[in-house]
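Student: Can we walk through this one together? I'd like to start with the terms.

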Amino acid sequence: MTLVDLTPLPTLEDIFENFALLDDWDDRYRYVIELGRALPQLPDADRCDTNKVQGCVSQVWLATLVSPGPVLSFRGDSDAQIVRGLVAILFAMFSGRTARDILDADPVAVFERLGLKEHLTPQRSNGFRSMVARIRHDAQGALRDPI
């Protein structure tokens, strides 16, 4: 039997508020890493090529669950701590939302509002865009082929 962590992840608004409280970028990096540590463990079965995000320097897996609506929920992981935190931010943005809401969202604006554009390496920023592209692709698929 696998135990599932039922600790709720912070909302996007929580993340904005916490970022505003942190003046120093070292503290903000630590917070992003803590967000990643709060993600539930990804089952081994989800660590497969189908779920691997292409275009990331680090290894990143995103498993998409689609329920009627269609509403998408996500599970994920990365082998890099900061990227795992970016995954958590994306989940705060997108998980539990309808496919239409996901496609209408502006994750780049969120990325910029948090100040991540200026404070992440170009490789990490490209990885973030690759994760967003994957989530949008899955949302488009859910609209095209509803349950």
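Tutor: Buried means under 20% relative accessible area, exposed over 50%, and partly exposed in between (1.4 Å probe, protein chains only). This is a predicted model: local features need pLDDT of at least 70, side-chain atom pairs count only at pLDDT 80 or more, and totals for chains, interfaces and linings use all residues. Residues are numbered from 1 along each chain as its sequence is written, and side-chain values use heavy atoms, with hydrogens and water left out.

Student: Okay, Asp145. Buried or exposed?

Tutor: Asp145 counts as exposed, because its relative accessibility is 54%. Asp145 sits in the segment after helix 7. Helices (H or I, at least four residues) and strands (E, at least two) are DSSP runs, numbered from the N terminus.

Student: Which residues of helix 7 are buried?

Tutor: Among them are Ser125, Phe128, Ser130, Met131, Arg134 and Asp138. The cover over the buried residues of helix 7 includes strand 1, strand 2 and helix 3. It also includes helix 4 (99–104), helix 5 (107–113) and helix 6 (116–119).

Student: Take Ser130. What is it in contact with?

Tutor: Val53, Gln54, Gly55 and Cys56, leaving aside neighbours within four places in sequence. Contact means heavy atoms within 4.5 Å. Ser130 is in helix 7, residues 122–144. At 18% relative accessibility, Ser130 counts as buried.

Student: You mentioned Cys56. How many disulfides does the structure hold?

Tutor: 0. A disulfide is a pair of cysteine sulfur atoms within 2.5 Å. For Cys56, the closest cysteine sulfur is in Cys48, 15 Å away, so that is too far for a bond.

Student: Switching topic. How do helix 2 and helix 3 pack?

Tutor: Helix 2 (residues 25–37) and helix 3 (residues 81–94) pack at an angle of about 70 degrees, and their axes are 7 Å apart. Axes are lines fitted to C-alpha atoms, for helices over the stretch in contact, and angles run from 0 to 180 degrees between N-to-C directions. Helix 2 and helix 3 are therefore roughly perpendicular to each other. The classes run like this: under 35 degrees is roughly parallel, over 145 roughly antiparallel, 65 to 115 roughly perpendicular, and the rest oblique.

Student: Which residues make the contact?

Tutor: From helix 2: Tyr29, Val32, Ile33, Leu35, Gly36 and Arg37. From helix 3: Gln81, Ile82, Arg84, Gly85, Leu86, Ala88 and Ile89. By class, the contact has 8 nonpolar, 3 polar and 2 charged residues. Ala, Val, Leu, Ile, Met, Phe, Trp, Tyr, Cys and Pro count as nonpolar, Asp, Glu, Lys and Arg as charged, and the others, Gly among them, as polar.

Student: What does Arg37 touch?

Tutor: Gln81 and Arg84, not counting residues up to four places away in sequence.

Student: And helix 3, how many of its residues are buried?

Tutor: 13 of its 14, so helix 3 is mostly covered. Helix 3 reaches 20 Å from its first C-alpha to its last, close to the 20 Å expected at 1.5 Å a residue.

Student: Now the backbone. What phi does Gly96 take?

Tutor: A positive one, about 85 degrees, just after helix 3.

Student: And what about the peptide bond from Gly69 to Pro70?

Tutor: That bond is cis, with omega near -20 degrees. Pro70 lies in the loop between strand 1 (60–67) and strand 2 (71–78). Most peptide bonds are trans.

Student: Last one, Phe19. What does it touch?

Tutor: Trp25, Arg28, Tyr31, Val32, Leu114 and Leu116, not counting residues up to four places away in sequence. Phe19 lies in helix 1, residues 12–21. Phe19 is buried, with a relative accessible area of 3%.

Definitions and conventions: Expected span 1.5 Å × (residues − 1).
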